[in-house]
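Let us work through a few questions about the model shown here, taking its open space first and then its packing.

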Amino acid sequence: MTSLFARALGPAFAALPEPLRRLHAPVGQRVWRGTAHLTQGGWFARRLARGAGFPVTEGPVPLDLTITTTAEGEVWTRHFGGHRLSSTLSALPDGQIAERIGPFVLILRPRIDGEALLIPVVGMRLGPLPLPSGLAPRGGGRETTVAECVAFDVDSRLPGLGRILRYRGTLTEDTP
């Protein structure tokens, strides 16, 4: 079984550092633990983030990430402190990945830049309806490694509104 990110990246997936390959490898269920530092925008941005299921808090919080492989793709369940957020990732054509978070579907196009995995948002849907590119969020994720840790930085902005949410930090694999 090939992971979503391995399929999206093709042969370049093998060039990622080992911790990133483990994070995105298909092995049933994996748990990663660490800390995330959350930063949110203004009151409207907080409402949007809350509508998508993100916690409305700022500062450092413990983060547990469980990735479960399913027949349809992957389920990413994040626990930001005591707040739970799940998203479902599935493969799209042309190396893209759809990530459903609440009523929103982000279209992602992962690519490699040196030893970093970049995961930019290239489109968005509200349910089945595509949003015009002028309304789609800007930003995305960047993953790198620090020793055996995965360092991540996820930033989401909307045109005219600025930052909706940013969370960054590190994760280590919780091995039995």
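Q: What volume does the largest pocket have?
A: The model is a predicted one, and the volume is therefore a computed value that belongs to the space filled by probe spheres set on grid points. For the largest pocket, that volume is about 800 Å³.

Q: Which strand gives the most to the lining of the largest pocket?
A: The lining comprises 40 residues, and those nearest the centre of the pocket are Phe54, Ile101, Leu106, Val154 and Ser156. By class, 31 of the lining residues are nonpolar, five are polar and four are charged. The element that gives the most to this lining, with five residues, is strand β11 (residues 149-158).

Q: Which residues touch the most other members of the largest nonpolar core?
A: In soluble globular proteins, nonpolar side chains tend to be buried together. The largest nonpolar core of this model holds 41 residues, and the members that touch the most others are Phe5, Phe54 and Phe80. The largest share of this core, five residues, is supplied by helix α1 (residues 4-9). Leaving out residues up to four places away in sequence, Phe80 touches Phe54 as well as others, including Leu38, Val61 and Tyr167.

Q: Is Thr66 buried or exposed?
A: Thr66 lies in strand β2 (residues 59-69), and beyond its neighbours within four places in sequence it is in contact with Gln29, Arg30, Val31, Val75, Trp76 and Thr77. Because its relative accessible area is 19% and the cut-off for that class is under 20%, Thr66 counts as buried.

Methods:
Residues numbered from 1 in each chain as written. Predicted model: local features only at pLDDT ≥ 70, side-chain atom pairs only at ≥ 80, totals over all residues. Heavy atoms only, no water. Helix = DSSP H or I, 4+ residues; strand = E, 2+ residues; numbered from the N terminus. Buried < 20%, exposed > 50% of the residue type's maximum accessible area, 1.4 Å probe, protein only. Contact = heavy atoms within 4.5 Å. Core = buried A, V, L, I, M, F, W, Y, C linked by side-chain atoms within 4.5 Å. 1 Å grid on protein atoms, 1.4 Å probe; cavity = no way out; pocket = protein on both sides within 12 Å on 5 of 7 lines; lining within 4 Å. Nonpolar A, V, L, I, M, F, W, Y, C, P; charged D, E, K, R; others polar.
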